Amino acid sequence: MVRCSNNLVGILNFIVFLLSIPILAGGIWLSQKGSTECERFLDKPVIALGVFLMVVAIAGLIGSCCRITWLLWTYLFVMFLLILLVFCFTIFAFVVTNKGAGEKISERGYKEYRLGDYSNWLQNRVNSDKNWRKIRSCLVESKVCSKLEAKLINEPVNKFYDEHLTALQSGCCKPAERCQFTYVSATNWTKPAGTHTDPDCQSWDNAPNKLCFDCQSCKAGLLDNVKSAWKKVAVVNIIFLVFLIIVYSVGCCALRNNKRDDSYGRTYGYKP
């Protein structure tokens, strides 16, 4: 007799199979149509995720509906590893994003960010010259500072100071407050006379492809974005983890049903 758990596992995996199709298609689209390296950055991980979900869903679907015990064993083993991986990543995401926050500046609508406030693991990622060259290129291509300049074109300094800048705009598109530069436009500032010992003040350049993209504050602004994104991902992961545990539990019931049918078949010569 067909068990409810087998049908439920089959339905859930069929849904996962359907979801894997647009994920796989999206990865292929990125690899073919992405116009910049930044747009193509995620194509391989997305394709790998789509293929993985598709293969696992097919294994669960066939194993439960066709009552192939060894395939269901394989499916449950992979599901267990996936649950363990998601759980570890969720804990890791909460740990590495526990530190760091922007500093509120008096009479300013934006905050400023310092790299040393964030976790050492995240700092090491952006302090790597190889990593930062790629990230910097993506930031320049995203035109995050050009959009800010266009938004505040011909606006007075008071308007700029009241603007609620994003972490990236604050860190990468303007010099730090401590540099005491003179405002010309949102991305154009005049350095005062004298030598600045602060590395971020020395790094500032009014050229659109330079600005403060090599500043520590820019790296800190990026990490603040990463921190916010990872916290959201961690919350989604908790929901996904609950879903995986439910599917795994139902899959265990389906496996038990398969083993009972196999035992019944051996005893009475019946093949389900």
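This is a predicted model: local features need pLDDT of at least 70, side-chain atom pairs count only at pLDDT 80 or more; totals for chains, interfaces and linings use all residues.
Aromatic rings are considered at the outset. The count of aromatic pairs in the model comes to 10. One of them is formed by W121 and W230, whose ring centres lie 6.0 Å apart with 45° between the planes, a tilted arrangement. W121 belongs to helix α4 (residues 120-127) and W230 to helix α10 (residues 216-268), so this pair ties together parts of the chain that are 109 residues apart in sequence. W121 is partly exposed, with a relative accessible area of 34%, and W230 is partly exposed at 21%.

A tilted pair is also made by F160 and Y183, with ring centres 5.4 Å apart and planes at 40°. This pair links distant parts of the chain, since F160 is in helix α7 (residues 157-162) and Y183 is in strand β3 (residues 182-185), 23 residues apart. F160 is buried, with a relative accessible area of 0%. Y183 has a relative accessibility of 14% and therefore counts as buried, the limit for that class being under 20%.

Charged side chains lie over the faces of some aromatic rings. K219 lies over the face of W132, at 5.5 Å from the ring centre.

The surroundings of W121 and W230 also involve V96. This valine is located in helix α3 (residues 69-96) and is buried, with a relative accessible area of 5%. Leaving aside residues up to four places away in sequence, V96 touches S119, W121, L122 and W230. Both members of the tilted tryptophan pair are thus in the list of contacts of V96. V96 and W230 are 134 residues apart along the chain, and their C-alpha atoms are separated by 9.2 Å.

A nonpolar surface patch of about 530 Å² is made by F94, V235, I238, I239, V242 and I246. The most is given to this patch by α10, with 5 residues. V242, one of the patch residues, lies in helix α10. V242 is partly exposed, with a relative accessible area of 47%.

Salt bridges form a further set of side-chain contacts. A search of the whole structure finds 7 of them. In one, the side chains of K174 and E112 meet with an N to O distance of 2.5 Å. K174 is in the loop between α8 (167-172) and β3, while E112 is in strand β2 (residues 111-112), so the bridge ties together parts that are 62 residues apart in sequence. The two partners are both assigned to the buried class: K174 has a relative accessibility of 1%, and E112 has one of 11%.

The side chains of E163 and K151 also meet in a salt bridge, at 2.5 Å from N to O. Here E163 is in the loop between α7 and α8 and K151 is in helix α6, 12 residues apart, and the pair links distant parts of the chain. The partners of this bridge fall into separate accessibility classes. E163 counts as buried at 10% relative accessibility, whereas K151 is exposed, with a relative accessible area of 56%. Helix α6, in which K151 lies, spans residues 144-151. The C-alpha atoms of K151 and A186 are separated by 8.9 Å, although these residues are 35 residues apart along the chain.

A salt bridge is likewise formed by D198 and R178, the closest N and O atoms being 2.6 Å apart. D198 is in the loop between β4 (188-190) and α9 (199-203), and R178 is in the loop between α8 and β3; the two are 20 residues apart, and the pair links distant parts of the chain. D198 is partly exposed, with a relative accessible area of 22%, and R178 is partly exposed at 38%. Salt bridges that share partners join R178, D198 and D200 into one network.

Technical notes
Residues are numbered from 1 along each chain as its sequence is written. Side-chain values use heavy atoms; hydrogens and water are left out. Rings of Phe, Tyr and Trp (its six-membered ring) pair if their centres lie within 6.5 Å; planes under 30 degrees apart count as stacked, over 60 as edge-to-face and the rest as tilted. Helices (H or I, at least four residues) and strands (E, at least two) are DSSP runs, numbered from the N terminus. Buried means under 20% relative accessible area, exposed over 50%, partly exposed in between (1.4 Å probe, protein chains only). A charge sits over a ring if NZ of Lys or CZ of Arg is within 6 Å of the ring centre and within 35 degrees of the ring normal. Patches are made of residues with over 30% relative accessible area and no salt bridge: like charges are joined within 9 Å, nonpolar side chains (Val, Leu, Ile, Met, Phe, Trp, Tyr) within 5 Å. Accessible areas come from the Shrake-Rupley method with a 1.4 Å probe; for residues, only the protein chains shown count as cover. A salt bridge is a side-chain nitrogen of Lys or Arg within 4 Å of a carboxyl oxygen of Asp or Glu. Contact means heavy atoms within 4.5 Å.
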